[in-house]
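Please look through the sequence and the model shown here before reading on.

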Amino acid sequence: MALFEGSNSENIKRVPQPRRPKFAFGEEMQRRWCRNTIFYTMLLNAYTIMFPAIERFTVGCLRDVLDDITDPALKARVQAMIAQEAIHAKQHDESLQVLERHQVDFQFIYRFVEAVMKIWLPMNHKLGRLFGRYYLVAAVAAGEHWTTLISRWNLNSNAFKYENG
């Protein structure tokens, strides 16, 4: 199967619909929830700790340039991405309850990443004069592509298959 199977110009034109999947972060979630190993579980937990701040940063970067977009179709796609990233941030924040229940001390890293992202967003305006107004949007796009690539690989290879037990 091709990594980007189904990619074509028609997919690029469509407006994504933000999804609101329901995840069960209940009491039954095990400490070693991914492949029943601490390595895979903590690797994915590390992403979960960092993603809320990064997703809020993405939303801020996109909102900063939303008024510059004159193409209505592109603007609709960017607004849909903003909505989806906000949903992702909320879901990752909710998943942190599992770490709290298992007494994983993650607050330092969470607060550190939040602080870094809060510094970078205002710097967009200052650094924009040096690198161009949209350099952070390009960085966000690169990050989203990287995340998509890694996610597709994980899902297709079952490398991080969820196991409850």
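A residue is called buried when its relative accessible area is under 20%, exposed when it is over 50%, and partly exposed in between, with a 1.4 Å probe and protein chains only taken into account. The areas themselves come from the Shrake-Rupley method with a 1.4 Å probe, and for residues only the protein chains shown count as cover. The model is a predicted one, in which local features need pLDDT of at least 70 and side-chain atom pairs count only at pLDDT 80 or more, while totals for chains, interfaces and linings use all residues. Residues are numbered from 1 along each chain as its sequence is written, and side-chain values use heavy atoms, with hydrogens and water left out.

The protein chain has 165 residues, of which 30% count as buried. Its secondary structure consists of five helices and zero strands, where helices (H or I, at least four residues) and strands (E, at least two) are DSSP runs numbered from the N terminus. Along the sequence this gives the pattern α-α-α-α-α. If a contact is taken to mean heavy atoms within 4.5 Å, then among the contacts with a separation of 6 or more, 75% come from residues 24 or more positions apart. The accessible surface of the chain is about 11,000 Å², and 61% of that surface belongs to carbon and sulfur atoms.

Which links between charged side chains can be found? A salt bridge here is a side-chain nitrogen of Lys or Arg within 4 Å of a carboxyl oxygen of Asp or Glu, and a search of the whole structure finds three of them. In one, Asp 93 pairs with Arg 56, and their closest N and O atoms are 3.1 Å apart. This pair links distant parts of the chain, since Asp 93 belongs to helix H3 (residues 72-101) and Arg 56 to helix H2 (residues 38-66), 37 residues apart. Asp 93 is partly exposed because its relative accessible area is 26%, and Arg 56, at 34%, is likewise partly exposed.

Arg 56 also forms a salt bridge with Glu 114, with the closest N and O atoms 2.4 Å apart. Because Glu 114 lies in helix H4 (residues 107-131) and Arg 56 in helix H2, this pair ties together parts that are 58 residues apart in sequence. Glu 114 has a relative accessibility of 14%, so this residue counts as buried.

Within helix H3, Glu 94 and Lys 90 form a salt bridge of 2.6 Å, N to O, and these two residues are four residues apart, about one turn of the helix. Glu 94 is partly exposed at 30%, whereas Lys 90 reaches 52% and therefore counts as exposed. Salt bridges that share partners join Arg 56, Asp 93 and Glu 114 into one network.
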